[in-house]
Amino acid sequence: WIDVNNNGVYEPGLGETPRAGVPVAIVEQYTGALLSTTTDASGLYTFTGLVSGTYVISITPPAGYVPSTERELTDGNDNANHGAANGNSVVSAPFDLTPGDGLDTNEDFGLWLPAALGNYVWRDADRDGVQNEAPSAGVNAVSVTLYLWTIEFWQPVSTTLTANDPLGNPGYYTFTDLISGSYKVAFDLGTLPAGATVTARD
């Protein structure tokens, strides 16, 4: 399923939905015996006719998706993420199947699509609020705090400082691995260069 808030718990009431068409494989840990399938329209998959053994389940997530950060390490909790990244796959912890166990429906996998937010602080020489200055106009060491709206209040998520981008241009900041939500950023005016003020808002 798509774990919108990345908490490792399947919550349909929050708009989380199953993911169809995800490749799934089950591997017997010691013999290497392999079966494969894909999730159906309800995000479900099933393997039958398995012999006793220790198994691992592996899925191949859609492009850009990663496993939920929170992970359930025991086999007894349904509707919780059991996967962790392993190369290009997401795998469960090993679990045992023995005769008479019945259908194990606990091996669930939460996936989410990380978002990113950020950009630029610069010296606006003509004070028009438009980024039309040279790349060297960026300003480093400005403190930026990211906030997430949590129904009742703005919750601070992270704080960073503007710095050089990969090309060496100053003034850039980025917040990564963000869940879906409403965000805002706040700049600490006390960290601006001496005498600097905020220019017109475009």
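The largest nonpolar core holds 14 residues, of which Ile-26, Ile-57, Ile-59, Phe-95 and Leu-111 touch the most other members. A nonpolar core is a set of buried Ala, Val, Leu, Ile, Met, Phe, Trp, Tyr and Cys residues joined through side-chain atoms within 4.5 Å; buried means under 20% relative accessible area, exposed over 50%, and partly exposed in between (1.4 Å probe, protein chains only). Two or more residues of this core come from each of β1 (23-28), β3 (53-59) and β7 (95-97), with β3 giving the most, three residues. Strands (E, at least two residues) are DSSP runs, numbered from the N terminus.

The model is predicted: local features need pLDDT of at least 70, side-chain atom pairs count only at pLDDT 80 or more, and totals for chains, interfaces and linings use all residues. Residues are numbered from 1 along each chain as its sequence is written, and side-chain values use heavy atoms, with hydrogens and water left out.

Leaving aside neighbours within four places in sequence, Ile-26 is in contact (heavy atoms within 4.5 Å) with Ala-33, Leu-34, Leu-35, Phe-47, Leu-50, Tyr-55, Val-56, Ile-57 and Phe-95. A second, separate core has seven residues, including Val-144, Leu-146, Leu-148 and Leu-178.

The average pLDDT of the chain (the predictor's confidence in each residue, from 0 to 100) is 91, and 98% of the residues score at least 70. Among the elements, mean pLDDT is lowest for β7 (88) and highest for strand β10 (residues 143-149), at 97.

Ile-151 lies in the loop between β10 and β11 (154-161). This residue counts as exposed because its relative accessibility is 73%.

Terms used: Helix = DSSP H or I, 4+ residues; strand = E, 2+ residues; numbered from the N terminus.
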